[in-house]
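Thanks, everyone, for making the time this morning. I would like to walk you through a few parts of one structure, so please have it open while I talk.

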Amino acid sequence: MIVGGDLENLARVRFADLTAAEVKICHAASNGELAFCGTSEDQNHATNDPSKSSQWGAERHVRADLVRWLCVAAKEQVDPSGIQVFGARIVGVLHLSHVTVQFPLAFACCEFSDEIVLEGAHTRTLSFVKTFLGSIFADGVVIQGAVFLRGSHCSGELRFSGAQIEGQFDCSRSVLAREGGPSSDGSLAALILDGAVVNGAVLFRDGFRATSEVRMLRARIGADLDCETGSFNGSMNPSGDYLGPALDTDGVTVGGSIFLRHGFRANGLVKLLGARIGLNLDCIGGDFNNAPSLGLSGTGESLGADLAIVEGSVLLSDGFSATGLVRFISSRIGGDLRCTDAAFQSGLVVERSTINGTLYWRGIAIQETTQLDLMNTTVGSLSDDEASWPIASRLQLFGFVYGRISVSSPRQIDARLNWLARLNRFSPQPYQQFAKFLRSEGSQLGAQRVLFRMEDRRRELEDRGSLARMRSVFLRLTVGYGYYPSRPALWWLAILTVVGFALFWAGYYAGSMVPTDKEAYLAFQIDRRPPAYYGTFHALVYSFESSFQIVKLGQSDRWQPDPNSYRSLYQGRGPLAGYFHRIISPQTLLRFRWVQIVSGWFFTTMALAGVTGIVRKE
């Protein structure tokens with residue numbers, strides 16, 4: 001068995017003189033212990049602050065080549081607990097590409113002067129706690145364990161593209177402050193996890209901060225992506241005319257939830273294009289800042305989740321704030337989309353999406369720039385409040401389909417017509433959808449009213465020329481564009497009946513109305529009374545029969561305006577006497593009855609046509 005002294009001797013053969021820290025590492029590595037390289041074992045002691053490593057003496061320096069030697073040449077002499085270093089300065093580039101490291105590597109309160117290269121390596125857990133790092137190049141690394149970057153500071157770029165990590169990837173409390181210009185591929189990202197597979201959770205929480213983009217395109221995460229209280233910032237390109245995303249997770253697959261909540265802050269776009277989320281997208285209390293900036297592309301959109309699939313709910317609530325647009329285009333949400341007690345400065349766009357649960361739009365801080373676009377989206381139910389409706393022309397509802405409107409939302413027809421009046425452009429479908437909902441609630445009259453208003457609005461906008469406007473007025477007054485097929489016609493028939501009643505009643509007493517039977521007519525000429533066997537005259541019934549030709553009660557067959565006289569027997573005096581005499585004359589009554597019969601047939605036919613569907617809005 002090799003003991004610490006033996007490993008030290010082997011190291012002296014390979015490296016000649018060893019620093020005090022290197023000796024401690026050799027002894028600790030062979031015994032499975034933590035090598036304390038400073039003067040204190042307290043991680044919070046000032047002498048263990050890696051930001052002040054320039055003040056450390058050479059005795060705390062550890063050559064990166066020594067660490068590599070322990071991992072490669074002397075790996076059999078290293079305890080399975082691995083290499084554990086506290087309070088050292090690692091000098092030089094640590095080359096471990098394509099190396100199989102059989103044990104964990106753990107560094108706490110350390111500082112790496114140069115980059116770490118792990119491309120294609122196979123290793124156990126990697127741990128960097130309260131450590132200052134440059135760059136880590138670990139594309140294609142296979143880690144049978146976890147990656148811990150807790151409370152650390154990284155001034156370079158972290159690349160883990162195509163990495164396979166058995167455990168979690170934890171960057172809690174770390175600061176990724178990349179320095180310098182773009183890398184060879186033009187990237188300014190602080191962390192790249194493109195195509196990586198992390199079986200555990202990915203954690204950017206508890207005060208995590210990245211000064212440039214964090215990117216994980218098409219990554220697969222077995223548990224949660226947790227960014228609670230994390231701060232993310234987009235990168236400005238060298239020419240200063242483009243702001244890159246703050247967090248880019250296009251195509252990511254997350255088995256659990258994505259948490260962008262409770263103090264999460266992004267300055268720049270958060271991208272979730274084509275993301276697959278097994279549980280919830282939780283943005284409660286998140287701050288998404290990417291307001292439109294003139295001349296600066298990459299701004300104007302705060303959260304982009306087009307083509308995303310969220311099996312649970314999307315929570316944009318309880319203090320959520322976005323200065324740019326929030327987009328869910330062609331997305332699918334298995335639960336609710338909850339937008340409550342939130343601020344959408346530019347608005348929410350949910351187009352061609354499906355929400356199986358409820359769309360909540362309540363308690364929204366509406367601004368003049370806030371838009372709500374639900375075009376061609378289907379939701380199980382809608383829950384909103386009037387104060388959260390966008391101002392006129394900032395609402396898009398074409399193709400929006402909902403099964404229910406919650407009982408706590410405005411359901412009154414006047415309120416919803418006000419809602420529909422805010423559309424940025426007229427479309428019949430939102431009116432038809434609301435009418436469909438009213439029918440499902442048993443309100444057929446309410447549905448007719450909404451559709452009538454829809455047609456009114458359409459013709460207001462589309463009618464060109466006097467003929468088109470006259471046609472619309474005619475259809476409105478007669479059959480209500482087909483939505484009130486009977487009521488307008490019946491009103492006209494009722495008016496004809498009432499006017500006819502007044503004229504025929506006055507005409508009867510003026511002698512202008514006579515029996516149709518010859519003998520009864522002769523008897524009526526004598527004393528202005530019909531024979532006893534002959535029925536009496538009823539002006540109202542007579543007028544009703546003349547207006548409603550499909551109804552026969554016997555009056556129109558027995559009575560008529562006097563065909564043998566053109567003057568009434570009215571003997572009144574005064575300036576209006578002659579005028580009134582002409583109105584109730586047999587000739588005038590006969591002509592009025594012709595008008596009454598023709599109009600009656602027309603309006604009765606139109607009413608029946610409307611009821612049977614022959615006459616509609618077109």
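I will go through a pair of helices, then a cavity, and then some paired strands.

Please keep in mind throughout that what you see is a predicted model.

Let me begin with helix H5, residues 428-440, and helix H6, residues 444-462, whose axes come within 8 Å and cross at roughly 170 degrees. Since angles over 145 degrees count as roughly antiparallel, that crossing makes H5 roughly antiparallel to H6. On the H5 side the contact includes Pro-428, Tyr-431, Phe-434 and Leu-438, while H6 contributes, among others, Ala-447, Val-450, Leu-451 and Met-454. Taken as a whole, the residues of this contact between H5 and H6 divide into nine nonpolar, three polar and three charged.

Which residues line the largest cavity? They are Leu-359, Trp-361, Leu-372, Leu-374, Leu-382, Asp-384, Trp-389, Leu-397 and Trp-419, and by class they divide into eight nonpolar, no polar and one charged. Strand S45, 354-362, and strand S47, 378-384, each supply at least two residues of that lining.

Finally, the strands: S1, residues 34-36, pairs with S3, residues 83-86, in the parallel sense over three bridges, and there Phe-36 stands opposite Phe-86 of S3. S3 also pairs with strand S6, residues 105-108, in the parallel sense, over four bridges, and in that pairing Val-85 stands opposite Phe-107 of S6.

Methods: Residues numbered from 1 in each chain as written. Predicted model: local features only at pLDDT ≥ 70, side-chain atom pairs only at ≥ 80, totals over all residues. Heavy atoms only, no water. Axes fitted to C-alpha atoms, helices over the stretch in contact; angles between N-to-C directions. Parallel < 35°, antiparallel > 145°, perpendicular 65-115°, else oblique. Contact = heavy atoms within 4.5 Å. Nonpolar A, V, L, I, M, F, W, Y, C, P; charged D, E, K, R; others polar. 1 Å grid on protein atoms, 1.4 Å probe; cavity = no way out; pocket = protein on both sides within 12 Å on 5 of 7 lines; lining within 4 Å. Pairing = 2+ DSSP bridges.
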